[in-house]
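Here are my notes from a pass through this one, roughly in the order I'd click through it. Have a look at the structure first, then read on.

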Amino acid sequence: MLRPAILAAARSKRLGVAARALPGSRALVGRFVAGVDADDALAVSRELVADGLHVTLDHLGEDTTDRGQADAVVVAYENVLALLASAGLADRVEVSLKLTAVGLDLDRSLALDAAHRVVAAATAAGTTVTVDMEDHTRTDATLETVALLRRERPDVGAVVQAYLHRTEADCADLAGPGSRVRLCKGAYAEPADVAYQGKDEVTASYLRCLEVLMRGSGRPLVATHDPALITAAGRLAAETGRGATDFEYQMLHGIRPDEQRRLAAEGSTVRIYLPYGEEWYGYLMRRLAERPANLTFFARALASRS
Ligand SMILES: Cc1cc2nc3c(=O)[nH]c(=O)nc-3n(C[C@H](O)[C@H](O)[C@H](O)COP(=O)(O)OP(=O)(O)OC[C@H]3O[C@@H](n4cnc5c(N)ncnc54)[C@H](O)[C@@H]3O)c2cc1C
């Protein structure tokens with residue numbers, strides 16, 4: 001009952017503005033978000049790398065409807081990538097990019113040009129890019145854009161969502177040599193004609209997709225905190241002859257940090273999705289929707305500040 005309401009609130013620009021204006025709101029989001037600027041992102045990346053983890057940095061922002069804003073997002077990525085290179089972190093830290101943040105809803109070719117600029121900056125820095133997946137109305141445009149970017153950089157990462165009926169077939173298409181594919185459950189409210197609605201159905205779909213990716217010749221990026229899926233990934237990797245570094249576990253910053261470090265200590269590659277920036281509201285609301293118990297965490301933090 002709560003999840004659809006929280007996800008609807010996540011899309012409200014008015015609530016976003018109000019939440020960002022709350023006194024102390026920046027400090028509240030610190031568990032999930034590195035901070036508001038590139039220096040914050042760099043500082044937290046450095047700590048995670050020192051703990052044996054890899055990172056994918058996300059400059060927060062989505063649903064850009066203005067060319068100037070789309071350009072500012074590209075400049076922010078160029079800036080953080082240059083900083084990563086000079087800090088010597090580019091071999092451990094890549095970036096994640098949302099196409100709506102660089103104008104997908106405004107003009108597809110604008111978003112493609114912007115994504116090309118981010119990929120060029122990542123290449124110059126010595127790292128790469130993964131293109132996040134948004135709601136199902138953007139799936140085709142996103143995968144088509146990734147295919148175009150891959151002509152320049154075959155290792156540009158694609159993301160697929162196990163809750164969509166189409167995803168097992170997408171995994172088969174994407175599992176070719178050199179391809180990096182992040183498999184997640186999916187974070188948006190999607191209708192029953194395109195997406196599985198029950199938790200068990202989504203998990204079963206995830207397992208089918210995972211098997212396709214593990215048996216394929218690309219690099220599976222196993223994005224989940226679900227203990228059963230983490231165990232299944234380890235088992236499938238062993239069965240398909242993948243070494244610990246031939247696939248990645250990926251988790252969100254602030255979620256199951258002990259498990260992140262346990263897997264890394266075992267020798268697995270573990271990459272942390274680390275968002276930063278002023279536009280934290282939509283991201284944070286999707287994390288609340290996944291686990292409404294986090295509402296208590298925020299309510300408590302807010303109360304302690306009032
Ligand atoms: C690296 C990464 C990148 C992602 N990229 C995308 C993307 O591009 N597009 C997209 O739609 N989705 C993305 N997601 C989000 C994903 O789709 C899920 O919404 C999210 O990962 C929760 O699913 P889960 O597999 O962890 O399973 P769940 O069943 O939601 O959770 C399993 C367990 O993990 C813990 N947990 C999960 N979420 C939380 C939380 N918010 N707070 C506290 N504990 C929690 C709990 O212990 C829970 O029991 C990404 C996730 C990760 C890890």
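1. Let's start with Tyr 283. This is a predicted model, and in it Tyr 283 is buried, with a relative accessible area of 2%. Arg 287 lies over the face of the Tyr 283 ring, at 4.6 Å from the ring centre.

2. What else does Tyr 283 pair with? Its ring is stacked with that of Tyr 273, since the centres are 6.2 Å apart and the planes are at 10°. The two tyrosines come from distant parts of the chain: Tyr 273 sits in strand S8 (residues 269–276) and Tyr 283 in helix H12 (residues 281–290), 10 residues apart. Tyr 273 counts as buried too, at 8% relative accessibility.

3. The structure holds 2 aromatic pairs. Phe 247 and Tyr 249 make one that is edge-to-face, 5.1 Å centre to centre with 75° between the planes. Both of these residues, Phe 247 and Tyr 249, are buried.

4. On to the ligand, which has 24 residues around it; the closest are Lys 185, Gly 186, Thr 224, His 225 and Glu 290. A ligand oxygen is 2.8 Å from an N or O atom in the side chain of Gln 161, and a ligand oxygen is 3.0 Å from a polar backbone atom of Ala 187. Taken alone the ligand exposes 930 Å², and the protein buries 88% of that.

5. Now the charges: the count comes to 22 salt bridges. One of them joins Asp 132 and Arg 182, with the closest N and O atoms 2.9 Å apart. Asp 132 is in the loop between strand S3 (129–131) and helix H7 (139–152) while Arg 182 is in strand S5 (residues 180–184), so this bridge ties together parts that are 50 residues apart in sequence. Both Asp 132 and Arg 182 are buried.

6. Compare that with Arg 166 and Asp 140, whose side chains meet in a salt bridge at 2.9 Å, N to O. Arg 166 lies in the loop between strand S4 (158–161) and helix H8 (167–174), and Asp 140 in helix H7, 26 residues apart. Arg 166 is partly exposed at 29% relative accessibility, and Asp 140 is partly exposed with a relative accessible area of 44%.

7. Last, Arg 219 and Glu 248 form a salt bridge (3.3 Å, N to O) that links strand S6 (residues 219–223) to strand S7 (residues 248–252). Arg 219 is partly exposed at 23%, whereas Glu 248 counts as buried at 2%.

Note on methods: Residues numbered from 1 in each chain as written. Predicted model: local features only at pLDDT ≥ 70, side-chain atom pairs only at ≥ 80, totals over all residues. Heavy atoms only, no water. Phe/Tyr/Trp six-rings, centres within 6.5 Å; stacked < 30°, edge-to-face > 60°. Buried < 20%, exposed > 50% of the residue type's maximum accessible area, 1.4 Å probe, protein only. Helix = DSSP H or I, 4+ residues; strand = E, 2+ residues; numbered from the N terminus. Lys NZ or Arg CZ within 6 Å of the ring centre and 35° of its normal. Near = heavy atom within 4 Å. Polar contact = N/O pair within 3.5 Å; in protein donor to acceptor, adjacent residues only side chain to side chain. Areas by Shrake-Rupley, 256 points an atom, 1.4 Å probe, with all protein chains shown as cover. Salt bridge = Lys/Arg side-chain N within 4 Å of Asp/Glu carboxyl O.
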